Amino acid sequence: MRTLQFLKKEGLQSLAAPETVLLMLLFPLLLTWVLGTAFSNISARTLDLPETRLPFVSDGGMVAQLYQSNSRNSSLTLEPITEDALQSGLADGSLKQYVELTDKELILHSDDQKGMEAMMVRMYSNAFIQQANLTGAALNAGRPDLMAPAFSEYIRIEGIDGRAEPSSFGYYGVTMLTMILMYGSLQTVSMLSQEKAGRTSLRLKASPYAMSKVFLVKTLASCFILISQAAIIVLFNHFVYGIQYRNIGFVLLMVVPLAVFVTSLGVLAYQIFRKEEAASVFLNILTIALVFLGGGYMMVSLDDSTFATLTQFSPIGWVNQGLFRYIYRGSQEPILWAGVKLLGLSLAMFLLAFRLFLREEGSDRVAAD
Amino acid sequence: MLEVKKLVKRYGSKLAVSDVSFKVEKGEIYGLLGPNGAGKSSTINIITGLIRKDSGQVLIGGLDLDRELTKAKYLLGIVPQDLAIYNDLNALQNVKFFGSLYGLSGSALQKQALETLAFVGLSDKAKDKVKTFSGGMKRRLNIACGLVHRPQLLILDEPTVGIDPQSRNHIMEAILQLNREGMTILYTTHYMEEAEQLCSRIAIMDAGQIVAQGNLQELRSLIEENWYIVVKVKGTPPMEELSHVAGVEKIDLNGNALRFTCRGKHAQLRDILEVQGQHHSEILDLSIDEPNLEDVFLTLTGKRLRD
């Protein structure tokens, strides 16, 4: 019951400073949007063709109608023009090119035959003819299912060797999440130092509630708050930005070891430095370094060898790589392995921090500070 | 209720508490009086389990702190010298949280928390954030947090430091009321007026030692050979000549009142009046003063309480 009351108190204190909580949530969401938008062009793996408009005249036959209606799928818009308008445009020089289409042939009238419009017409025409051939072949072979494949379902764009890559939003939806979790170590330090700064540690120590439990409860509360923040960020990213996480539940589960790691790191830093300011400076520097090594700031291909090497030196990198490989390649092994390594490190750091805590509690520091 | 035997505490080479022994009976207010650095807080910190003693024994309600610290803590309530409350919570949340540390829960916790807030005069501020409180209100809440679990022994470490007279009076009244209800109180202060007003028995501490203890009369009797003459004069008194009067140990000038600390018998009064007369200094009033704890402390240690 006392432990629950303590957890409740920690929760109330966190909510009592909504600006801090809001900042911890808004910061990654805003960064994801800013970086996602800024890098969206760089990250595009396909070149969007410009929308091309060309006037055309036709005999109104079936082929001409099909040609015109299907052209929109290829960013080509054929705009019907009357014979009078055609002649007038040619006479005053305002019409530079046009398409003439009958059931027998297609003629592109143009003085710029190597230009973008001419190229678009050639590409689309080839595709149109191939589609017609395919339809004819399918009809002859008795395979009507092949006659009109749906474009959006039939075509998928992948990286080389069939490897999927995240979009800029997908990338920062992961790296900003892990980055803000890393900054959670500062939150842990703040929670631990709060009792000393407010002198309430004196009252806590004079109470029958064991200080070792205070230590454990505060650590637990800090970790729980971090996981809650991560859940909010992931849900917001998914439902507002449309970022895909393959399986949100699994991703959140895999974020837990990182939250545990970050909490343990904060606890250890506080026990070593014993001052909030010093611990915070150290953690800030460490966070920047680990996020950088983990590919948190600059968008890198999953298959970039330098990135792969650097991430080995950063727990953030392990998680980033692991999550990317799970979300975009469907492989669970890297993130599970990252989780195991993080939990192992967390246990070691926490035990060391707890030992330092017990040593401090055995001294006169609590009252003397 | 509390027995402290031959307590010793060192910080490095500095002896903070030296062979301190005293006993607080159930239902009394016992004062630890001494200047800053006398060893009062160290003594209290040992009693409350905040720091470890080097040697000696502490018994609370018959429980030896060395063996039954946790049990003994249930009997204790502490009001630290520094404000030990959460500024980002409201008053009720503070009191309830500290009450819960002593095993209170549910409706009992709610009831006792509200009663305690009413006792310190903060009922109407129960739902207000502590950061909006004045210094005096925070002090009162600091006391409430130490009281909520109804301890048998309440330890107050300089609870009136830095507050306005109105809040101080409120706190003093509250302490007396608690005592009337049967609570035993250990009170440390460096304000001799507070010790005189509140405490049934007082230990005077200096340099880590108890230099004297007893009730007010017993302490005054330690300096019974001293007596104090207060003379109110008009104009500037002849301080130089007066200081040479035989038997006058010290003269304190406060406004137009001269307070003579004299050793011996009544001869000095005649001599003082003679000097005044020689300098045509008009005497407005004359009285014999009772020795106070400041006098006792000064006589026993050679130092003032607020040095």
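The following dialogue takes up the terms used for this predicted model of two chains and the grounds for each.

Visitor: Where in chain A is A:Asp111 found?

Guide: A:Asp111 is found in the loop between β4 (106-110) and α6 (116-140) of chain A. A:Asp111 and A:Leu258 are 147 residues apart in sequence, and their C-alpha atoms are 63 Å apart in space.

Visitor: Which domains does the assignment give for chain A?

Guide: The assignment gives domain 1 (2-42 + 164-368) and domain 2 (52-156). The C-alpha centres of domain 1 and domain 2 of chain A lie 56 Å apart.

Visitor: Why is helix α8(A) called roughly antiparallel to α12(A)?

Guide: The axes of α8 (residues 168-197) and α12 (residues 276-293) of chain A cross at roughly 170°. Angles over 145 degrees count as roughly antiparallel. The crossing angle therefore makes α8(A) roughly antiparallel to α12(A). The two axes come within 9 Å.

Visitor: Which residues of α8(A) and α12(A) meet?

Guide: From α8(A) the residues include A:Met179, A:Met182, A:Leu186 and A:Val189, and from α12(A) they include A:Ala279, A:Leu283, A:Leu290 and A:Val291. By class, this contact has 9 nonpolar, 5 polar and 1 charged residues. A:Glu276 of α12(A) is among the residues that meet, and Glu counts as charged.

Visitor: How many residues does each chain bring to the contact between chains A and B?

Guide: Chain A brings 21 residues and chain B brings 28 residues. On the side of chain A that touches chain B, at least two residues each are supplied by α1 (2-16), α9 (200-206) and α16 (365-368) of chain A. The largest share of that side, 6 residues, comes from α1(A). Sorted by class, the side of chain A that touches chain B has 10 nonpolar, 5 polar and 6 charged residues.

Visitor: What makes up chain B?

Guide: Chain B has 11 helices and 14 strands. Its C-alpha trace spans about 75 × 45 × 35 Å along the principal axes. Of the 307 residues of chain B, 43% count as buried, the cut-off being 20 or more other C-beta atoms within 10 Å. Among contacts in chain B between residues at least 6 apart in sequence, 70% join residues at least 24 apart.

Visitor: What makes β12 and β14 of chain B edge strands?

Guide: The order of the strands in their open sheet is β12-β13-β11-β14 (chain B), with antiparallel pairing. β12 (248-254) and β14 (282-289) each have a single partner strand, so one side of each is left without a neighbour in the sheet. Neighbouring strands of this sheet are turned by 20° against each other on average, direction ignored.

Visitor: How do you know that β11 and β13 of chain B pair?

Guide: Two strands pair if at least two bridges are found between them. Strand β11 (residues 226-234) and strand β13 (residues 257-263) of chain B share 7 bridges, in the antiparallel sense. B:Ile229 stands opposite B:Phe260 in β13(B), and B:Val230 stands opposite B:Arg259.

Visitor: What joins β12(B) to β13(B)?

Guide: The two strands run antiparallel and are joined by 6 bridges; B:Lys250 stands opposite B:Thr261 in β13(B). β12(B) and β13(B) form a hairpin with 2 residues between them, and B:Gly255 in the turn has a positive phi of about 70°.

Visitor: Why do β2 and β5 of chain B count as edges?

Guide: They belong to an open sheet of 4 strands in the order β2-β1-β4-β5 (chain B), with antiparallel pairing. β2 (14-24) and β5 (63-64) each have a single partner strand, so one side of each has no neighbour in the sheet. Strand β1 (residues 2-11) of chain B is joined to β2(B) by 7 bridges, and B:Leu2 has B:Val24 as its bridge partner in β2(B).

Visitor: Which helix packs on the sheet that holds β1(B)?

Guide: Helix α1 (residues 40-47) of chain B packs on the sheet, touching β1, β2 and β4 (55-60) of chain B. The direction of α1(B) makes about 115° with that of β1(B).

How values were computed: Residues are numbered from 1 along each chain as its sequence is written. Chains are lettered from A and ligands numbered from 1 in the order in which they are written. This is a predicted model: local features need pLDDT of at least 70, side-chain atom pairs count only at pLDDT 80 or more; totals for chains, interfaces and linings use all residues. Axes are lines fitted to C-alpha atoms, for helices over the stretch in contact, and angles run from 0 to 180 degrees between N-to-C directions. Two residues are in contact if their C-beta atoms, placed from the backbone, lie within 7 Å. Angles under 35 degrees count as roughly parallel, over 145 as roughly antiparallel, 65 to 115 as roughly perpendicular and the rest as oblique. Domain bounds come from an automatic or database domain assignment. A residue is buried if 20 or more other C-beta atoms lie within 10 Å of its own, exposed if 12 or fewer, and partly exposed in between; C-beta atoms are placed from the backbone.
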